[in-house]
Amino acid sequence: MAENNSSSKEKALFGLDKNPSNIMPEKLTLDSKIQFRCHPGVSCFTACCGNINIVLTPYDILILKNRIGIDSDEFLLRYTKPVFLEKTDMPGVQLNLTAEGRCPFVTDEGCLVYTDRPSACRYYPIGLANFHERGDETEGKEAEQFFFIVKEDHCKGHEEDKTWTIREWRKDQGTDVRDEINRGWMELVMRRKSHGIQATLSEQAQKMFFMTSTNLEKFKDFIFNSSFLDVYEIDQETLDKIQNDDIELLKFSYLYMASSIFGTQDLKIKEEKIKAKAAAMKEGQAGAVDRAEETYKELKRDYDQLKKDIDDKKAKGTK
Ligand code: SF4
Ligand code: SF4
């Protein structure tokens with residue numbers, strides 16, 4: 001059973017600032033050795049599947065809703081609750097726990113969705129600190145990456161007689177594949193976090209981010225059934241890929257979010273749209289100049305009239 005600790009735990013997805021008292025103060029590399037094994041025979045089996053915050057990546061949502069056989073809308077409604085990611089103003093979701101504080105997929109026999117379990121469950125108890133989290137956010141410059149181990153009293157896996165490198169352990173857990181697919185989304189969140197929030201995302205931008213990162217069906221519909229393709233220059237090869245392959249669609253969604261939120265050049269806006277926008281702005285500016293000129297003329301007319309009235313009065317007074 002999960003310990004009933006009042007402070008809620010996190011399975012590490014993003015970095016260092018979670019539950020710091022349980023993080024071992026040692027920077028580990030892929031070649032570092034760890035002693036750990038988790039299997040149904042451990043006395044604490046499934047203890048870590050309760051009283052916990054499990055943030056879901058867009059890929060987790062895709063895999064889990066496919067596994068259960070429902071669409072994203074239903075999955076979000078039944079299994080998740082909204083949260084802000086990593087103390088940013090970017091909205092996402094985490095697994096909704098049962099009234100008993102347990103993961104909805106845990107049973108006495110183990111995890112019902114084990115082969116499709118979320119990324120955070122795969123990473124535990126090894127965290128990865130990276131993605132410019134240490135203030136090293138210069139574009140194009142690689143942030144320092146290292147691993148750390150989380151040791152919690154209830155987890156007896158650290159007492160098991162199995163030693164392997166972090167590289168071997170991560171391969172075994174399938175985290176390499178997750179990392180590759182999650183990277184674009186995690187970078188967006190870490191970028192927002194490390195740059196600091198100078199201006200809050202507009203409500204519209206938050207809705208766009210939420211829809212794009214949690215609901216691939218809706219994002220696909222947005223691409224193919226809105227004015228999206230009138231605005232963006234997307235080649236046919238990319239369109240074919242995102243039409244037929246959800247992983248490609250997912251990766252494309254990261255580019256769209258990066259270009260909408262951070263103004264990256266990942267997606268190209270059509271030339272005629274840029275020209276039309278420039279012409280509209282120019283027209284607006286020209287209109288503003290005309291209006292200013294008209295206002296000036298009116299003021300001048302009033303001023304001249306006032307001056308004439310005063311002069312007339314003065315002339316009458318001297319007579
Ligand atoms: S998804 Fe599976 S592994 Fe993850 S917390 Fe739930 S039951 Fe445990
Ligand atoms: S060994 Fe650790 S990771 Fe495995 S079930 Fe126990 S608490 Fe969870």
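What follows is a conversation about a predicted model and the terms used to describe it.

Biologist: How many helices and strands does the chain have, and what percentage of its residues count as buried?

Modeller: The chain contains 11 helices and 13 strands. Of its 319 residues, 26% count as buried, a label that requires 20 or more other C-beta atoms within 10 Å of a residue's own.

Biologist: Why is E187 called partly exposed?

Modeller: E187, which is found in helix α5 (residues 175-195), has 16 other C-beta atoms within 10 Å. A residue is buried at 20 or more and exposed at 12 or fewer, so the value for E187 falls in between and the residue is partly exposed. The C-alpha atom of E187 is separated by 9.3 Å from that of Y254, a residue 67 positions away along the chain.

Biologist: Why are α6 and α10 called roughly antiparallel?

Modeller: Helix α6 (residues 203-214) and helix α10 (residues 246-262) pack at an angle of about 170°, with their axes 10 Å apart. Angles over 145 degrees count as roughly antiparallel, and therefore the term applies to α6 and α10. On the α6 side the contact is made by A205, M208, F209, T212 and S213, and on the α10 side by S253, Y256, M257, S260 and I261. By class, this contact of α6 with α10 has six nonpolar, four polar and no charged residues.

Biologist: What makes α7 and α10 roughly perpendicular?

Modeller: For helix α7 (residues 216-224) and α10 the packing angle is about 75°, with the axes 11 Å apart. Because the range from 65 to 115 degrees counts as roughly perpendicular, α7 and α10 are described in that way. Here L216, F219 and K220 of α7 meet D246, L249, L250 and S253 of α10, and the residues of the contact divide into four nonpolar, one polar and two charged.

Biologist: How do you know that β4 and β6 pair, and which residue is the bridge partner of V55?

Modeller: Two strands pair if there are at least two bridges between them, and β4 and strand β6 (residues 91-95) have two, in the antiparallel sense. The bridge partner of V55 in β6 is Q94. Five bridges join β5 to β6, again in an antiparallel arrangement, with F84 opposite P91 in β6. β5 and β6 form a hairpin with six residues between them, and in its turn E86 has a positive phi of about 50°.

Biologist: Why do β4 and β5 count as edge strands?

Modeller: The open sheet of three strands has the order β4-β6-β5, with antiparallel pairing. β4 (55-56) and β5 (80-84) each have a single partner strand, so one side of each is left without a neighbour in the sheet.

Biologist: What makes up the shells around ligand 1 and ligand 2, by class?

Modeller: Around ligand 1 are C49, I54, C103, F105, V106, C111, V113, R117, P118 and C121, which by class are nine nonpolar, no polar and one charged. The residues around ligand 2 include C38, C44, C48, Y124, H154, C155 and K156, and that shell has eight nonpolar, three polar and one charged residues. Cys and Tyr count as nonpolar in this scheme.

Definitions and conventions. Residues are numbered from 1 along each chain as its sequence is written. Chains are lettered from A and ligands numbered from 1 in the order in which they are written. This is a predicted model: local features need pLDDT of at least 70, side-chain atom pairs count only at pLDDT 80 or more; totals for chains, interfaces and linings use all residues. A residue is near a molecule or strand if its C-beta atom, placed from the backbone, lies within 6 Å of it. Helices (H or I, at least four residues) and strands (E, at least two) are DSSP runs, numbered from the N terminus. Axes are lines fitted to C-alpha atoms, for helices over the stretch in contact, and angles run from 0 to 180 degrees between N-to-C directions. Angles under 35 degrees count as roughly parallel, over 145 as roughly antiparallel, 65 to 115 as roughly perpendicular and the rest as oblique. Two residues are in contact if their C-beta atoms, placed from the backbone, lie within 7 Å.
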